Amino acid sequence: MSELHITLPDGSIKTVPSGTTPLDVAREISQRLADDALVARVNGDFWDLTRALESDAKLEILSPRNPEALEVYRHSTAHLLAAAVLELFPGTKLGIGPPIENGFYYDFLRDTPFSPEDLEKIEKKMWEIQARDLPYKRNYMEKQEGLKLYADQPMKCELIEERAGAVFSEYTLGPHFIDFCRGPHVPSTKKIKAFKLLSVAGAYWKGNEKNQQLQRIYGTAWFNKKEQDEYLAKLEEAKKRDHRKLGQELDLFSVQDLAGPGLIFFHPKGGRVRKIIEDWMRDQYLKRGYSLVYTPHVMRADLWRVSGHLSHYVENMFAGMELDDAEYRLKPMNCPGHILIYKDRQRSYRELPVRLGELGTVYRYERSGTMHGLMRVRGFTQDDAHIFCTPDQIEGEVVSCLEFAIDVLKAFGFEQYEAELSTWDGGASGKYDGAAELWTRAENALKSATDKLGLKVTVMPDEAAFYGPKIDMKLLDALGRKWQLSTVQFDWNLPEKFQLEYVAEDGKKHRPLMVHRALYGSVERFFGILVEHYAGAFPVWLAPVQTVVMPITDRQLEYAKSVHEKLEAAGFRSQLDDRKEKVNMKIRDAQMQKIPYMLVCGDREAEAGTVSVRHRKHADMGVKSVDQFIADLQSLVDLRVFNE
Ligand SMILES: [Zn+2]
Ligand SMILES: [Zn+2]
């Protein structure tokens, strides 16, 4: 009998007879490990615990201590879901059931929509099957044989036709459930300790709207109930903070049916916040040596032909407009506009780097039905700048771009962030443009810039755009969710296409390097992130309404009005609540609007020239003279305090 040499994570080598399974090896190490084990990793690939090892290999046993095992665990829960649906609703046709972030889904074809009550029933049935402790058994099936076996599952047959070799693997769960699947899975249903079905949504078979529509049931699954409860609580909190919900409740922005999806209307209150966001950026441009430019929203199709957008980006663009002189296109990007400004006259090395910045509104075609609040839209404003520089200037420029990006985060109250560096493949595939020397230089510049700033960075090999490497900055919000924000992107493609030049010290013409960078990314999206991060309770310097002045009765109306006017004259965003309502009602409404300061005026205050200050979070803050309150508020605003 032949022997296998199995290398364990600690480097030790076990010699075992062929036919040994990872579970056998786990048992030899300790019964505890065998009991906890969920799946194995053999030479880096997931492998069923009960599947015999086939050759010498590196073996890891994964348990709930290994978050990587969640993927297999969640996929196994998806099988459990499909088995439960077939038990309850025989005749349902199965699509696919992959793991996703935080959970899993399974697609079903059934004439009757699944109701919330159905989901409850299905979840109960899943627990029933879980308790049966059924093994996830791997079988092998001849393709032709298999097609017969799956005859009542047309979508599975389609997948088998497309993906299966002469022999394919499948997994059973009890006597009645089989699923064409590469696996692997956890060894048995008992291993699945915490899951919950969350929702059902429509989804097209293979994501193609020309195919039939399926019902996708989403669920979440975790190693234990505690982790799941934490996740569900976070999900609940995220729902409360949803910028679409808060946007409406706080009257910040809207999307108008008559105008079309993905096009954002900023209402007066949203407009005030947006002005602060935009003013801050424009001021920073000027402080940091950028020039402020403005470029048109529509430009001739010829421009987009030269830039290459009409060949490789056309599916993201709005259709052309035929005018009397030429075809025009809405701009999907600001770069060609800035390039035309650079190219408008001859440039000398002495004026480089040229940094052209714009809050430029772009329009991109997104399929109807894919829009999402402020996060996925058809029209948005980028804080977009393009830097044209010499090779010697690259590193300095990258460092200041990243410093700028970090300052953006800090200025708006984000403490945690990380970076991703997308690099090329070293030239192996030939799909990347530009000389190896350029790539090395640019990637090194990006790397050493992150080092200089002590930025935590993950390298993403072979993830660069074909025209250059980039750095993406991601922030973590109050709920620990990651949001992609700033991008610093090299580009040697556009300078070539537009034949950009500068006259160098040697008197000859050279091609400048170009960097695209957007720090908010999109102003709309950044605004949405702020709404969710602060749950709509913007810090006082950013709040659309900073104070609301409320007379207790009409007797103090004149006084309250004078306080309100004084605040406005001092430059604050104040409101006067002169409704004939009880003051408690006024306070409640102001709380709902998340207005930081409520200034209550009764007879005593009117007489003494004071206000009774109430804060949305700290409630009663005592009586202050109006002048004192104004001075205190001014310092909170000047210091841009986040947690007053
Ligand atoms: Zn599977
Ligand atoms: Zn650009």
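Predicted model: local features only at pLDDT ≥ 70, side-chain atom pairs only at ≥ 80, totals over all residues.
Local features need pLDDT of at least 70 and side-chain atom pairs count only at pLDDT 80 or more, while totals for chains, interfaces and linings use all residues. Residues are numbered from 1 along each chain as its sequence is written, chains are lettered from A and ligands numbered from 1 in the order in which they are written, and side-chain values use heavy atoms, with hydrogens and water left out.

**Zinc ion (ligand 1)**

- His75 (NE2), His79 (NE2), Cys181 (SG) and His185 (NE2) coordinate the zinc ion (ligand 1) at 2.0 to 2.3 Å. Donors are N, O and S atoms within 2.8 Å of the metal (3.2 Å for Na, K and Ca), and sites may look incomplete because water is not among the atoms.
- The site of the zinc ion (ligand 1) is tetrahedral, with angles of 91 to 132° among its four donor atoms; four donors count as tetrahedral if all angles lie between 85 and 135 degrees.
- Along the sequence, the donor residues of the zinc ion (ligand 1) have the spacing H-x3-H-x101-C-x3-H. His75 in helix H3 (residues 70-88) and Cys181 in the loop between strand E11 (177-180) and strand E12 (194-204) link distant parts of the chain, 106 residues apart. Helices (H or I, at least four residues) and strands (E, at least two) are DSSP runs, numbered from the N terminus.
- His75 is buried at a relative accessible area of 14%, and Cys181 is buried at 11%. Buried means under 20% relative accessible area (1.4 Å probe, protein chains only).

- Six of the seven residues of strand E10 (residues 167-173) are buried.
- Strand E9 (residues 136-142) runs antiparallel to E10, and seven bridges join them. Two strands pair if DSSP finds at least two bridges between them.
- Opposite Glu170 in E10 stands Asn139.
- E10 also pairs with E11, antiparallel, over four bridges, and Leu173 faces Phe177 in E11 as its opposite residue.
- Three residues lie between the strands in the hairpin of E10 and E11, where Gly174 has a positive phi near 75°.

**Zinc ion (ligand 2)**

- The zinc ion (ligand 2) is coordinated at 2.0 to 2.4 Å by Cys335 (SG), His386 (NE2) and His516 (ND1).
- The donors of the zinc ion (ligand 2) are spaced C-x50-H-x129-H along the chain. His386 lies in strand E21 (residues 379-389) and His516 in strand E28 (residues 513-522), so the pair ties together parts 130 residues apart in sequence.
- His386 is buried, with a relative accessible area of 0%; His516 is buried at 12%.

Definitions and conventions
Tetrahedral: all angles 85-135°; square planar, octahedral: opposite > 155°, others 65-115°. Buried < 20%, exposed > 50% of the residue type's maximum accessible area, 1.4 Å probe, protein only.
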